[in-house]
Every structure is written in C-alpha cells, then in structure tokens.
Amino acid sequence: RRRVLCMADELTRLIIEDDKYISNFMSVSLKNEGYKVMLAQSADEGLFLFSSNHPDLVLLDLGLPDKDGLEVIGEIRGISDAPVLVVSARGQEREKIEALDRGADDYISKPFHMGELLARVRVIKRRLDRKPAPGADSVFQHDYLTVDYDKRKVLVDGTEVHLTPIEYRLLLLMLANKGKVLTHHYIVREIWGYDPAGDTQTIRVFMAKLRRKIEKDVTKPRFILTEIGVGYRFADE
C-alpha cells in the first residue's frame, strides 16, 4: 500500500466544485488514493490554481457561481492539454456532447458512485502513462495528411489543424489500426476506458468533427471510412 501511495503522490488533482460537501468527499477519496488535491469553489479561483500549479487532472463541475464550466474547459484548452473530467448534475446527452466537444476528456453525472469516479481517474492516469515510442516512425505521412507524433502536430496539405485531445486520440487510434474495422464498443473502451452502454452518438459526433478537420471532402472521405452498423476504418491505401 505504501509503495502505491508514493507512486500516486507525484500527481496533483484540481477539483473545481462550489458544493463543499461534494468537493470534500472527492478530496478525501482522492487523498486516500495517494493523490495531492487542490480545491477551488469558483471558476476564477480554479483557473488561477490551474495556471499557477499545472495539475495533472482537473475534476470540473459545470454549474459554477461565477462562470459556466463549459467556458472553463475552453480556457483550459487554450493553454493546456491536461485531462479534464467533468463531474456535473447536467446529465442530458447534449450537455455531455458539448462538454466533450469543448475538450473535456470524460463526463460523469451526479449523483455518482465514488468507486466509478476513481476508476475514471485511474483510466486517465493509465492513458497519460502511455507514451508513443520514439524512432523512425515518429511522423506519419499519407496523401495530404501528416501527423508528427513527437510534436503532436497534424497537418493537412502542410497547414496545421487544431484537434482537441479526444479528436487527436481518436486519430492516433485509427492510425494504429490502419485498415482494420474498429467497432463502436472498441473505440469507446480505448478512448474513454469504460463500457459504452450504447453511447454511439458521441462517437458519431467526434468522428464528424474529426472528418471536417482532416478530410477535404467530408461527403467522400479519403481517410476515415464508415462501416455501417459496425464502426470505422482508416483507409489503408
């Protein structure tokens, strides 16, 4: 147990939540796992702590007193790719998609079980621990698409395009399985780390946005091909 705590102790979690009961509950649970925790009760305080301390993960409520949490996601994404896990009472599908679209990495609805929240945190940590191996294949080039893994840059006809963290991970997943059909279930498990529970609409939204950024003609995609009723495939020729 002591060894595990030492490993986790290097990681810092920032909780931006105005409900003191919920924030204290999350804080105690995360500290018991060995994480350092910072607390903020407003968007401005949270953004100040974020820019000052560079936490490894942000747990963010959307219903903050001074600013909508969606704006906070946008401001964080303007300066960092640090993971953002939304913890919110807004459980409607459109709110979830908008939060993910703004750049959130995951979304859990209140009320929640602490075991599930901690599992989501561990999934994000494992994803952060996975680093692409350096070497000759650090740049992918296919037709007019270029991906520089080391610099984390995506270019279309030599012009850089900005991808959100989830869009970028989706692209990397497709490239790593070039030519293979990836099911909706597999994609959600690899990107978000949990059972999709029929959450195919979210995948369609992200794939459509990714296509708009890397395809010249979204009606005739060159790279990301749809396998109707099954999933997606990255063109292998």
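This is a predicted model: local features need pLDDT of at least 70, side-chain atom pairs count only at pLDDT 80 or more; totals for chains, interfaces and linings use all residues.
Ile 97 sits in helix 5, which covers residues 93–102. Is Ile 97 buried or exposed? Its relative accessibility is 15%, and because anything under 20% counts as buried, Ile 97 falls on the buried side.

So what does Ile 97 touch, once its neighbours within four places in sequence are set aside? The contacts are Gln 201, Thr 202 and Val 205. Another residue to look for here is Ile 203: its C-alpha atom is 9.5 Å from that of Ile 97, although 106 residues separate the two along the chain. Helix 9, which will come up again below, runs over residues 200–214.

As a bit of background, strands in a sheet pair through backbone hydrogen bonds, and the pairing can be parallel or antiparallel.

For a look at one pairing, take strand 1 (residues 12–16) and strand 2, which run parallel and share 5 bridges. Which residue of strand 2 is the bridge partner of Ile 15? That would be Leu 39.

## Salt bridges

How many salt bridges does the model have? The count comes to 14. One of them joins Lys 110 to Asp 61, with 3.5 Å between the closest N and O atoms. These two come from distant parts of the chain, 49 residues apart: Lys 110 is in the loop between strand 5 and helix 6 (114–129), while Asp 61 is in the loop between strand 3 and helix 4 (69–77). Lys 110 and Asp 61 are both buried.

Asp 105 is worth a look too, with two partners to follow. With Arg 77 it forms a salt bridge at 3.0 Å, N to O. Asp 105 is in the loop between helix 5 and strand 5 and Arg 77 is in helix 4, so this pair ties together parts 28 residues apart in sequence. Both Asp 105 and Arg 77 are buried.

The other partner is Arg 169, where the closest N and O atoms are also 3.0 Å from Asp 105. Arg 169 is buried, as is Asp 105. Elsewhere, salt bridges with shared partners bring Glu 17, Asp 61 and Lys 110 into one network.

## Helix 7 meets helix 9

Last stop: helix 7 and helix 9. Their axes lie 10 Å apart, and the packing angle is about 85 degrees. How do the two helices lie relative to each other, then? Angles of 65 to 115 degrees count as roughly perpendicular, so that is the label for helix 7 and helix 9.

On the helix 7 side, the residues involved are Ile 166, Glu 167, Leu 170, Leu 171 and Met 174. Helix 9 brings Phe 206, Met 207, Lys 209, Leu 210, Lys 213 and Ile 214. Sorted by class, this contact has 8 nonpolar residues, 3 charged ones and no polar ones.

Methods: Residues are numbered from 1 along each chain as its sequence is written. Side-chain values use heavy atoms; hydrogens and water are left out. Two strands pair if DSSP finds at least two bridges between them. Helices (H or I, at least four residues) and strands (E, at least two) are DSSP runs, numbered from the N terminus. Buried means under 20% relative accessible area, exposed over 50%, partly exposed in between (1.4 Å probe, protein chains only). Contact means heavy atoms within 4.5 Å. A salt bridge is a side-chain nitrogen of Lys or Arg within 4 Å of a carboxyl oxygen of Asp or Glu. Axes are lines fitted to C-alpha atoms, for helices over the stretch in contact, and angles run from 0 to 180 degrees between N-to-C directions. Angles under 35 degrees count as roughly parallel, over 145 as roughly antiparallel, 65 to 115 as roughly perpendicular and the rest as oblique. Ala, Val, Leu, Ile, Met, Phe, Trp, Tyr, Cys and Pro count as nonpolar, Asp, Glu, Lys and Arg as charged, and the others, Gly among them, as polar.
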